[in-house]
Structure formats: C-alpha cells, structure tokens
Amino acid sequence: EVICDLHSEISVQSSNGSSESRPMIIVDIKVRDKIYETFISLTERDQMDYKILLGKDLLSNFLINPGI
C-alpha cells in the first residue's frame, strides 16, 4: 500500500471511448542516477499488459529510438 497526496483529478477518455475521472498524483521516477518529478493518473491496470504508462512530458527528457 502506498499513501500519497492527491494533486488533482482529470477527465480521461479511455481506448473504448468512455470517459472517466482519474486521480492525479506527483511521483519521483529514478532513471539511472537522475530523479524526475512527474504527474501520473491512477487507474486499475490489472488486466492490461503495461502496469504504468509514461507520458510525453517525462519522455521528452530522453532520446527515444523506436527501432531498438
């Protein structure tokens, strides 16, 4: 169990077209020796292939090679 402060709530349209309200929190993500502060929205992902999705704001810190 993790306890953290709620930053805000956002309305998100899911892949099936339905809209839902999701809580947003601020987290620190460590990549190698650097820590990045970013927002994540929370939803039930037990039945999904990926347990967390990283957004474009965080990924803009990196050079992404989709061919690897």
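**Terms and values**

Modeller: In the hairpin of strand 1 and strand 2, 5 residues lie between the strands, and Gly17 there has a positive phi near 95 degrees. This is a predicted model, in which local features need pLDDT of at least 70 and side-chain atom pairs count only at pLDDT 80 or more, while totals for chains, interfaces and linings use all residues. Residues are numbered from 1 along each chain as its sequence is written, and side-chain values use heavy atoms, with hydrogens and water left out.

Biologist: What makes strand 2 and strand 3 a pair?

Modeller: Strand 2 and strand 3 pair over 8 bridges, again in the antiparallel sense. Ile26 stands opposite Phe39 in strand 3.

Biologist: Why are strand 1 and strand 3 called edge strands?

Modeller: The open sheet has 3 strands in the order 1-2-3, with antiparallel pairing. Strand 1 and strand 3 each pair on one side only, and they are the edge strands. Neighbouring strands of this sheet are turned by 35 degrees against each other on average, direction ignored; the axes are lines fitted to C-alpha atoms, for helices over the stretch in contact, and angles run from 0 to 180 degrees between N-to-C directions.

Biologist: Why is Thr38 called buried?

Modeller: Buried means under 20% relative accessible area, exposed means over 50%, and partly exposed is in between (1.4 Å probe, protein chains only). Thr38 has 12% relative accessibility, and therefore counts as buried. Thr38 belongs to strand 3. Leaving aside neighbours within four places in sequence, Thr38 is in contact (heavy atoms within 4.5 Å) with Ile25, Ile26, Val27, Ile29 and Leu58.

Biologist: Why is Ile3 called exposed?

Modeller: The relative accessibility of Ile3 is 74%, so Ile3 counts as exposed. Ile3 is found in the segment before strand 1.

Biologist: What draws attention to phi in Arg32?

Modeller: Most residues other than glycine have a negative phi. Arg32 has a positive phi near 55 degrees and is a residue other than glycine. Arg32 is found in the loop between strand 2 and strand 3, and its relative accessible area of 78% is why Arg32 is exposed.

Biologist: How is the lining of the largest pocket classed?

Modeller: Ala, Val, Leu, Ile, Met, Phe, Trp, Tyr, Cys and Pro count as nonpolar, Asp, Glu, Lys and Arg as charged, and the others, Gly among them, as polar. By these classes the lining has 12 nonpolar, 7 polar and 8 charged residues.

How values were computed: Helices (H or I, at least four residues) and strands (E, at least two) are DSSP runs, numbered from the N terminus. Two strands pair if DSSP finds at least two bridges between them.
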